Amino acid sequence: MSGRRVWEHRERRSVADRRLFAPMSMFGLVLGALGFVAALMPGMVPRTSLTLGLLAGLCFAAAYGVGVSLVHFATLLELAPINPDRHRKLRTVALICSGGLLLYGLARAPAWQNSVNAVMGLPPVESLGSLLVAALALAVVLSLVLLARLFRRAAIIFANLLLVVLPVRAALLGGFVLAAMLFWSIGSGILARGLVDGLDATYANVDALIPAGSRPPGDPLKSGSRQSNMTWASLGAAGRDFVLARPDRAQIAGLAGETAMEPIRVYVGVNSADDPAARARLALEELKRTGAFARGTLVIATPTGTGWVDPAATLPLEYLLRGDVATVAVQYSYLPSWLSLMVEPERGAETARQVFRLVYGHWLTLPKDSRPRLYLFGLSLGALNSDLAVDVYDILAQPFDGALWAGPPFPSRTWNAVVAARNPDTPVWLPRYSDGRMFRFATQDADLSQGYAAWGPLRIVYLQYPSDPIVFFESSSLLRRPRIAADPRAPDISPTFVWIPVVTFLQGIVDMVTATGTPSGFGHVYAGTDYLDAWIALTDPADWTEADIDRLRRRIKEEDL
């Protein structure tokens, strides 16, 4: 090799001209166009034009990268000799095929998305903004291709420097490794850190914001009151909303009878104490102060990443139990769940463990015939952390009463174990485990009482929607069909949803980000009426007739939960 320089072809040319602005690969373009079309096909949740454009660009770039890699591999093996005249003809054919595929995908996209809208009761769309989808996809593709070419150029520069001491193949490998280290350090160290710091500051300000007119509650039983162990400001935005949430005693009495009580809601904000252990101690002291252990039922609710406790879950229970319930929640972050999981993955689990250990430990000291029933609750990341809070071997002798875990994220420990061991004739989206004495699964329509044996001493209900990508995402979908795509097909999954290698994986990632953009009762938005059915199965509320339950359902729907 002349001058011991690393070039991709025998003739010398400018690296800048050939790497950054060279024509795109013909084979890569065709594969990229196929990826573009596949990205527009139905996923698990509805998508906007913005989402479709970003996803289509990602899938085009991924498929284009596969095509370029295959061409380079064939060239390396000298399987693809290039004839200049034939090369020009093939490029014309490739451009025509690619353009046709792109137009086909854009034309079919509304019908594909309407197949998702139909199963979720959404009105059909006539257009998805083809120009916006195409423009966004083009921007994503050009950005990623340019980034890839910059990476290759950096690898060649490093390889040329290493040729002084290394043979060509070793220099190429070394150049690749050095370029990867450089790009990784820039991406994860500088750009990612700056982005995370910026988001952290933004969400911290949102969490601390107290709207004008917001005052500490006058009721001494409420966290943040003058008698409370925590200040009103330290509860954070989610905590203040939780403490003041509906219903109050008067609202419960109006629906469920005059014997109603004021529900107790204890909340400890991330700014209420310095560490998880201290926050857990505050929570226990506040429970004692408010008389929570004298109530009939006590719920340890693990919030989502922002500290949010879903009111659609707490309201039905407080009505069902006529206010004779105390709920405690301890914040571990003010960041969205996905960001909290990336930045501080252990903090949520550690906080949940500390809270459960102290509350459960005190609960055990109370007389069995007078202590409250004890339940766990968590939604999304809260469900994952609530599960991690409990070591099953520590509670076997004296188990708590049950748990409701809604929308458990796909890495959830117990959920995965139970689903893997489900009865073989049941689908992954509605599994049955053994005879249902301990674990039961609910969807929008599942009956939690029919076909099961009597409950055992510990009741656990998983509330999950088949269309929730946060629950049913599988990293193996990169190369293998996900279980949610198998027959029998769930009723809220589009009948035209199909598995496509790589594309389905990317669709799943994007769908997880947008999973809360669905109507209530689909995706990652859990409906109050479905929470109601789960709580009924867990708590067996007394003195509620079918007419009473129907009236409560109507109230929940009126609350738009």
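This is a predicted model: local features need pLDDT of at least 70, side-chain atom pairs count only at pLDDT 80 or more; totals for chains, interfaces and linings use all residues.
1. Residues are numbered from 1 along each chain as its sequence is written, and side-chain values use heavy atoms, with hydrogens and water left out.

2. Tyr531 belongs to helix H18 (residues 528–539); helices (H or I, at least four residues) and strands (E, at least two) are DSSP runs, numbered from the N terminus. H18 has 12 residues and spans 16 Å from its first C-alpha to its last, close to the 16 Å expected at 1.5 Å a residue, where the expected span is 1.5 Å times one less than the number of residues. Of its 12 residues, 10 are buried; buried means under 20% relative accessible area, exposed over 50%, and partly exposed in between (1.4 Å probe, protein chains only). Those buried residues pack against S2, helix H10 (311–320), S4, S5, S7 and helix H19 (546–558). After H18 comes Asp540, with a positive phi near 45°.

3. Now to the sheet. It is open, with 7 strands in the order S1-S3-S2-S4-S5-S7-S6 and parallel pairing; two strands pair if DSSP finds at least two bridges between them. At its edges are S1 (264–268) and S6 (439–442), each pairing on one side only.

4. Is strand S5 (residues 402–406) buried or exposed? Its residues are buried, 5 of the 5, so S5 is largely enclosed by the rest of the structure. Gly402, Leu404 and Ala406 point one way, and Ala403 and Trp405 the other. S5 runs parallel to S4 (residues 373–379), joined by 5 bridges, with Leu379 partnered by Ala406. S5 also pairs in the parallel sense with S7 (residues 459–463), again over 5 bridges; there Ala403 has Ile460 as its bridge partner, and Leu404 stands opposite Val461.

5. Leu404 and Tyr531 turn up again in the largest nonpolar core, which has 99 residues: along with Phe356, Phe377, Phe400 and Trp535, they touch the most other members. Such a core is a set of buried Ala, Val, Leu, Ile, Met, Phe, Trp, Tyr and Cys residues joined through side-chain atoms within 4.5 Å. Helix H12 (residues 345–365) gives the most to this core, with 7 residues. Apart from this core lies another, of 25 residues, including Ala38, Leu52, Cys59 and Leu506.

6. Finally, the charges. The structure holds 15 salt bridges, each a side-chain nitrogen of Lys or Arg within 4 Å of a carboxyl oxygen of Asp or Glu. One of them joins Glu559 and Arg246 (2.5 Å, N to O). Glu559 lies in the segment after H19 and Arg246 in the loop between H7 and helix H8 (249–256), so the pair ties together parts 313 residues apart in sequence. Glu559 is buried, at 17% relative accessible area, whereas Arg246 is partly exposed, at 40%.

7. Another salt bridge joins Glu318 and Arg265 (3.0 Å, N to O). Glu318 sits in H10 and Arg265 in S1, so this pair links parts 53 residues apart in sequence. Glu318 is buried, with a relative accessible area of 2%, and Arg265 is buried, with a relative accessible area of 2%.

Key
Contact means heavy atoms within 4.5 Å.
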